[in-house]
Amino acid sequence: KSSKLHKIAFLGVGIVLIFSIVHLYKYYEGDRLYKKAKDAIYKEDYQNGVVFLSRALRNRYEHVYEDQLSSSLAYLAFISSFDENKKLSPNLIQLSKDANAHAIRQSQKNMQYWKTRAKNYYLYFQVTHNPMDIENSISSMNHVTTFAPSDAQSYYMLGLFYSVIINEDLNDAYKTKLISALKYALQLRPQYQEAKDLLLLSK
């Protein structure tokens, strides 16, 4: 009887150990692939970045991976719009939107994910030339400022998107908002050179 209990206990420990090793391996492999993806993206190799991030997500889900995947897909959609594979761009845009929306659902007040959304929509706009895309960039950055009111970069980015929509002759009514956003960025960070330069160009 005692020997049988020992065998059952040994089997139980063995199963737990195997599951632990598999879990640790997937954790390690996910991070290793994420690092490879970041290296590829740094070299502007977004295609391999997407491949490595997709494999990382198959090993374990991390919304950080998914946020980076949405960004890489947006860049890939933009690049694809210039070559013979331009028909791929709409599908890549949709995949990018889905990944970003899911990452935001996992961490709704993550400032970085909303900034990714804003940048993504700017890239979509470069492909679609749909004014609603740049409007979505603006609304995303406005959302960031509601829970990060002291982040000067957010107001600078908001100003950038206002300048895009003005330069495209889509809505000149944004000029007052552009100047207001940049002045507030400089109020938060007086030596913010990029904000100073953009403000000078906007007057």
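Colleague: Let's start with one residue in this predicted model. Which residues does L182 touch, leaving out those up to four places away in sequence?

Modeller: Contact here means heavy atoms within 4.5 Å. With residues up to four places away in sequence set aside, the residues that L182 touches are Y156, G159, A195, L198, L199 and S202.

Colleague: Nice, and L182 also belongs to the largest nonpolar core. Which elements give two or more residues to this core, and which gives the most?

Modeller: The core has 32 residues, and I138, M141, F161, Y162, L182 and A195 touch the most other members. Two or more residues come from each of α4 (89-106), α5 (111-128), α6 (131-147), α7 (152-167), α8 (175-188) and α9 (193-202). With ten residues, the element that gives the most is α7.

Colleague: Where does α7 meet α8, and how do the contact residues divide?

Modeller: On the α7 side, the residues are A152, Y155, Y156, L158, G159, Y162, S163 and I166. They meet K175, K177, L178, A181, L182, Y184, A185 and L188 in α8. By type, the residues of this contact are twelve nonpolar, two polar and two charged.

Colleague: Are α7 and α8 roughly parallel or roughly antiparallel to each other, and why?

Modeller: We describe two packed helices by the angle between their axes and the distance between the axes. Here the axes of α7 and α8 come within 8 Å and cross at roughly 160 degrees. Angles over 145 degrees count as roughly antiparallel. Therefore α7 and α8 are roughly antiparallel.

Conventions. Residues numbered from 1 in each chain as written. Predicted model: local features only at pLDDT ≥ 70, side-chain atom pairs only at ≥ 80, totals over all residues. Heavy atoms only, no water. Core = buried A, V, L, I, M, F, W, Y, C linked by side-chain atoms within 4.5 Å. Buried < 20%, exposed > 50% of the residue type's maximum accessible area, 1.4 Å probe, protein only. Helix = DSSP H or I, 4+ residues; strand = E, 2+ residues; numbered from the N terminus. Axes fitted to C-alpha atoms, helices over the stretch in contact; angles between N-to-C directions. Parallel < 35°, antiparallel > 145°, perpendicular 65-115°, else oblique. Nonpolar A, V, L, I, M, F, W, Y, C, P; charged D, E, K, R; others polar.
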